[in-house]
Amino acid sequence: MSNDTPQQANIGVVGLAVMGANLARNLAGREGNTVAVFNRSPERTRTLLDEHPEAGFVASEELDAFVASLRKPRTAIIMVQAGKGTDAVIEQLAERFEEGDIIVDGGNANFQDTRRREKDLRDRGLNFVGAGISGGEEGALNGPSIMPGGSKEAYETLGPILETIAAEVDGEPCVTHVGTDGAGHFVKMIHNGIEYADMQLIGESYDLLRRVAGHDVEAIADVFAAWNEGDLQSYLIEITGEVLRQRDAATGEPLIDVIQDHAGSKGTGVWTVQNAVGLGVPVGGIAEAVFARAVSSKPEQREAVRGVMRSRPDAAAVGESFEDDVRAALYASKVVAYAQGFDAIIAGAEEYDWDIDHAQIARIWRGGCIIRAKFLNRIAEAFERDTRPVTLLEDPYFAKVIQDGEAAWRRVVVVAAQSGVPAPGFSSALAYYDSLASERLPAALTQGLRDFFGAHTYRRTDKDGTFHTLWSGDRTEVEMG
Ligand code: 6PG
């Protein structure tokens with residue numbers, strides 16, 4: 001590896017673990033790109049070069065040489081595990097980069113870190129772009145969905161390069177300039193929150209079909225395959241069929257039956273909920289998915305409760321149509337989860353002053369990413385109408401989905417509760433819908449109680465102002481402002 005001809009690469013990749021290596025190969029395979037690569041341990045670089053001579057990588061074993069191999073403005077994508085190491089790599093590049101050069105963080109960074117890093121580098125005359133990249137290893141290689149933030153100026157250089165490697169749907173690349181500073185990583189975080197909710201709802205559907213309808217795993221795989229032919233068509237529904245069909249070589253059992261039922265996580269779902277709570281956005285569907293993983297990973301508590309239960313309820317009797325009911329519950333709950341996710345994006349954009357095109361976000365999620373789904377077209381259309389819906393649930397298409405499925409959705413939640421099969425995603429989505437749909441909510445009582453014990457005041461339905469009842473006095477009402 002040498003660097004006899006400096007400044008030949010238009011893009012560089014730092015960090016050549018599988019995501020970085022695949023992204024570098026994807027870049028190298030597109031016309032017009034010459035790709036510089038660097039990895040802290042050179043063995044990995046050498047392996048990549050040996051295995052993929054066709055890529056024509058410009059490889060360096062020293063960071064100085066890597067930097068010298070880049071054309072100006074230098075553009076390097078960092079693909080290292082999000083966390084403390086990212087700051088160190090950014091600093092090493094920043095020390096060597098010059099004004100106008102662009103450092104891209106393609107990991108799943110916390111958007112607040114991205115905001116901090118962007119500001120720091122901007123103050124030093126450098127561009128920093130936090131880019132959410134979704135689609136896993138396969139997507140990185142063949143076309144991910146990419147959510148870059150950072151300055152418009154940086155996107156002018158970076159955008160055309162990213163457009164060469166992103167997934168394409170209807171001739172449109174699944175990449176857009178999401179907004180400034182941390183907007184890209186914020187939107188990727190919400191993508192992951194929705195991914196959690198999607199998977200939880202799929203899991204509940206599977207569980208109900210198995211434990212209530214009594215289907216075997218193979219039959220459930222067929223149900224998912226059939227669902228994937230209709231409105232629910234999506235990557236996650238498709239791969240659910242594949243996972244369910246997989247047999248364990250060692251036991252001959254369905255693989256699903258030998259996988260421990262303790263779900264892990266790397267943090268983006270938790271961040272989504274933490275941030276949504278901070279922004280005052282109810283994202284119950286996503287939160288229930290995060291909590292469901294947490295509950296699954298408490299084996300001692302699960303065993304303790306099983307130990308003290310007198311008996312478990314029998315599965316409710318259901319007929320042939322239960323499968324359709326579950327499909328309707330899944331679709332309606334999914335609409336709720338996406339509505340909540342987009343609400344969080346809207347609130348985040350307001351809070352952090354990002355000019356986010358919501359329809360465009362739905363469009364770049366149609367391909368490449370984990371939550372890619374047919375119905376994202378409908379979400380894009382909803383946001384493209386003359387007046388933006390105050391919630392996706394009021395959009396005519398989604399309002400109809402919910403109304404058509406509402407009775408089935410309620411039946412599924414009832415059956416789940418009667419049968420003792422947990423369906424926190426379905427139930428919470430329905431409760432959210434019913435909350436929005438209720439003319440009066442018991443929040444009035446909450447306000448009354450708050451006023452009673454803490455003089456927190458309340459507003460009246462019939463006149464302006466804030467009021468307090470003298471609860472420990474003569475219980476007359478006083479106007480407070
Ligand atoms: C993607 C995925 C990817 C990763 C998640 C998984 O968009 O490609 O979301 O980012 O698979 O980090 O997150 P958990 O490990 O928290 O489920």
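The structure holds 16 aromatic pairs, where rings of Phe, Tyr and Trp (its six-membered ring) pair if their centres lie within 6.5 Å, and planes under 30 degrees apart count as stacked, over 60 as edge-to-face and the rest as tilted. One of these is the tilted pair of F38 and F66, at 6.0 Å centre to centre and with 45° between the planes. The pair links distant parts of the chain, 28 residues apart: F38 belongs to strand β2 (residues 35-38) and F66 to helix α3 (residues 63-68). Helices (H or I, at least four residues) and strands (E, at least two) are DSSP runs, numbered from the N terminus.

This is a predicted model, in which local features need pLDDT of at least 70 and side-chain atom pairs count only at pLDDT 80 or more, while totals for chains, interfaces and linings use all residues. Residues are numbered from 1 along each chain as its sequence is written, and side-chain values use heavy atoms, with hydrogens and water left out.

Next comes the backbone. Most residues other than glycine have a negative phi, and most peptide bonds are trans. The peptide bond from K72 to P73 is cis, with omega near -5°; P73 is in the loop between α3 and β4 (75-78). D181, which is not a glycine, has a positive phi of about 30°, and this residue lies in the loop between β9 (172-173) and α8.

In total, 14 residues surround the ligand, the closest being N108, S134, E195, Y196 and K266; a residue counts as near if one of its heavy atoms lies within 4 Å. By class, the shell has two nonpolar, eight polar and four charged residues, where Ala, Val, Leu, Ile, Met, Phe, Trp, Tyr, Cys and Pro count as nonpolar, Asp, Glu, Lys and Arg as charged, and the others, Gly among them, as polar.

For S134 the distance is 2.4 Å, for K188 it is 2.9 Å, and for an N or O atom of R293 it is 2.8 Å. The protein covers 80% of the 410 Å² of accessible area that the ligand has on its own, by the Shrake-Rupley method with a 1.4 Å probe.

Technical notes:
A polar contact is a pair of N or O atoms within 3.5 Å; within protein, one must be able to donate a hydrogen and the other to accept it, and residues adjacent in sequence count only if both atoms are side-chain atoms.
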